Amino acid sequence: MQNRLSAMMQKDKQNNPRFLGEVIKSDFFYLINNYFEVSFDDIKVEINANKSDYEIVIMCAGDRIKLVQTLPG
């Protein structure tokens, strides 16, 4: 039982970076879309994983900065 559980967890770790990358991309799009005109496809997320850590690189090419309008005060 223990070996089976360990094997399942290891397999999940191998698949997890892809899923984690999609979650990060979605959250980053939600954040950056408030400030820049971007499409979801303009965002690239790379995750490099080894046994002890993850390196996450986010690249985004925005078309332009959105104007921030304030209320008259």
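These legends go with close-up views of a predicted model.

Residues are numbered from 1 along each chain as its sequence is written. In this predicted model, local features need pLDDT of at least 70, side-chain atom pairs count only at pLDDT 80 or more, totals for chains, interfaces and linings use all residues, and side-chain values use heavy atoms, leaving out hydrogens and water.

**View 1. The protein chain, laid out as α-β-β-β-β.** Of the 73 residues, 12% are buried (under 20% relative accessible area; exposed is over 50%, partly exposed in between, with a 1.4 Å probe and protein chains only).

**View 2. An aromatic pair of Phe29 and Phe40.** A search of the whole structure turns up one such pair (ring centres of Phe, Tyr or the six-membered ring of Trp within 6.5 Å; planes under 30 degrees apart are stacked, over 60 edge-to-face, the rest tilted). Phe29 and Phe40 sit edge-to-face, 5.6 Å centre to centre, with 85 degrees between the planes. Phe29 belongs to helix α1 (residues 2–32) and Phe40 to the loop between β1 (36–37) and β2 (43–49), so the pair ties together parts eleven residues apart in sequence. Phe29 is partly exposed at 22% relative accessibility, and Phe40 is partly exposed at 32%.

**View 3. Ile58 in strand β3.** Strand β3 spans residues 54–60. With 37% relative accessibility, Ile58 counts as partly exposed.

Conventions. Helix = DSSP H or I, 4+ residues; strand = E, 2+ residues; numbered from the N terminus.
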